[in-house]
Amino acid sequence: MASSLTCTGVIWAMLSLLCAAASCVGFFMPYWLLGTQMDKPVSFGTFRRCSYPVRDEERQATVMLEQCGRYASFHGIPSLEWRICTIVTGVGCGLLLLVALTALMGCCISDLISRTIGRVAGGIQFVGGLLIGSGCALYPLGWDSEEVQQTCNNSSDQFQLGSCQIGWAYYCTGAGAAAAMLLCTCLSCFAGKKQKQYPY
């Protein structure tokens with residue numbers, strides 16, 4: 001099986017896959033922000049939430065339903081900043097995944113990734129990482145929403161957690177983006193083999 005990648009290129013492909021996986025898993029998981037409400041653990045992502053209050057008609061009381069799910073609609077996401085974060089981070093994760101899968105195919109298909117294509121792929125990874133980083137930077141702007149304040153003892157505000165804490169998924173998403181921007185972009189410059197010059 002012929003490869004269009006150098007040894008550095010193979011490392012780049014594997015690292016690209018790891019970065020894309022870390023960012024995508026972190027983005028999808030609703031553990032970006034952790035808190036409590038009605039003595040039950042509550043967690044938020046950009047477009048998902050675990051544990052939410054519902055009205056129990058039998059007992060005529062509000063109870064916490066302990067399950068995870070997406071918001072019913074895009075406009076159901078608690079703040080405009082989180083909606084923007086969802087779009088920006090989702091596009092960034094898509095770009096990282098696209099490059100990672102292309103790089104993996106380069107391990108098996110000859111003449112797929114040249115030096116130039118490797119550099120372009122690195123540029124796409126840089127943009128993807130930048131988008132995800134922007135999404136992570138936007139996320140704290142939504143901490144002043146009513147849902148988050150109820151979870152954080154009414155003491156949260158933009159860039160102030162109150163009684164809540166940042167969850168592992170936020171770090172996972174950011175770390176994947178940072179590694180893609182810093183490591184993968186540099187490695188991509190040396191990923192492709194030089195094209196053979198054919199005399200015509």
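A nonpolar core is a set of buried Ala, Val, Leu, Ile, Met, Phe, Trp, Tyr and Cys residues joined through side-chain atoms within 4.5 Å. The structure shown above is a predicted model, and its largest nonpolar core has 38 residues. Inside this core, the residues with the most contacts are Trp12, Phe44, Trp82 and Tyr139. At least two core residues come from each of helix 1 (7–28), strand 2 (40–44), helix 2 (80–108), helix 3 and helix 5. Helix 2 gives the largest share, 8 residues.

Apart from neighbours within four places in sequence, phenylalanine 44 is in contact with Pro30, Tyr31, Trp32, Leu33, Arg49, Tyr71, Trp82, Tyr139, Glu147, Val148 and Thr151. Two of these partners, Trp82 and Tyr139, are also named among the core residues with the most contacts.

Helix 1 passes helix 2 in a left-handed crossing. On the side of helix 1, the contact is made by Trp12, Ala13, Met14, Ser16, Leu17, Cys19, Ala20, Ser23, Cys24 and Phe27. On the side of helix 2, the residues are Thr86, Thr89, Gly90, Cys93, Leu96, Leu97, Val99, Ala100, Ala103, Leu104 and Cys107. Sorted by class, the residues of this contact are 16 nonpolar, 5 polar and no charged.

Helix 2 also packs with helix 3, at an angle of about 155 degrees and with the axes 8 Å apart. The two helices are therefore roughly antiparallel to each other. The crossing of helix 2 and helix 3 is left-handed. From helix 2, the residues in contact are Glu81, Ile84, Cys85, Val88, Thr89, Val91, Gly92, Cys93, Leu95, Leu96 and Val99. They meet Ala121, Ile124, Gln125, Val127, Gly128, Gly129, Leu131, Ile132, Ser134, Gly135, Cys136 and Leu138 of helix 3. This contact of helix 2 with helix 3 has 15 nonpolar, 7 polar and 1 charged residues.

Helix 3 (residues 115–138) in turn packs with helix 5 (residues 168–188), at an angle of about 155 degrees and with the axes 8 Å apart. Helix 3 and helix 5 are therefore roughly antiparallel, and helix 3 passes helix 5 in a left-handed crossing. Helix 3 brings Gly118, Arg119, Gly122, Gln125, Phe126, Gly129, Leu130, Ile132, Gly133, Cys136 and Ala137 to this contact. Helix 5 brings Tyr170, Thr173, Gly174, Ala177, Ala180, Met181, Cys184, Thr185 and Ser188. By class, the contact of helix 3 with helix 5 has 10 nonpolar, 9 polar and 1 charged residues.

Two residues show this packing in detail. Glutamine 125 lies in helix 3. With a relative accessibility of 1%, glutamine 125 counts as buried, because the cut-off for buried is under 20%. Beyond its neighbours within four places in sequence, glutamine 125 is in contact with Trp12, Ser16, Leu96, Val99, Ala180, Cys184, Thr185 and Ser188. The C-alpha atoms of glutamine 125 and cysteine 186 are separated by 10 Å, while the two residues are 61 residues apart along the chain.

Alanine 180 is in helix 5. Its relative accessible area is 0%, so alanine 180 is buried. Not counting residues up to four places away in sequence, alanine 180 touches Cys19, Leu96, Gln125 and Thr185. Between alanine 180 and glycine 122 there are 8.5 Å in space, C-alpha to C-alpha, and the two are 58 residues apart in sequence.

The last stop is a loop. Most residues other than glycine have a negative phi. Methionine 38, in the loop between strand 1 (33–37) and strand 2, has a positive phi near 50 degrees. Aspartate 39, in the loop between strand 1 and strand 2, also has a positive phi, about 60 degrees, although it is not a glycine. Are these residues buried or exposed? Methionine 38 counts as partly exposed at 42% relative accessibility, whereas aspartate 39 is exposed, with a relative accessible area of 79%.

Definitions and conventions
Residues are numbered from 1 along each chain as its sequence is written. This is a predicted model: local features need pLDDT of at least 70, side-chain atom pairs count only at pLDDT 80 or more; totals for chains, interfaces and linings use all residues. Side-chain values use heavy atoms; hydrogens and water are left out. Axes are lines fitted to C-alpha atoms, for helices over the stretch in contact, and angles run from 0 to 180 degrees between N-to-C directions. Helices (H or I, at least four residues) and strands (E, at least two) are DSSP runs, numbered from the N terminus. Angles under 35 degrees count as roughly parallel, over 145 as roughly antiparallel, 65 to 115 as roughly perpendicular and the rest as oblique. A crossing is left-handed if the near helix is turned anticlockwise from the far one by less than a right angle, and right-handed if clockwise. Contact means heavy atoms within 4.5 Å. Ala, Val, Leu, Ile, Met, Phe, Trp, Tyr, Cys and Pro count as nonpolar, Asp, Glu, Lys and Arg as charged, and the others, Gly among them, as polar. Buried means under 20% relative accessible area, exposed over 50%, partly exposed in between (1.4 Å probe, protein chains only).
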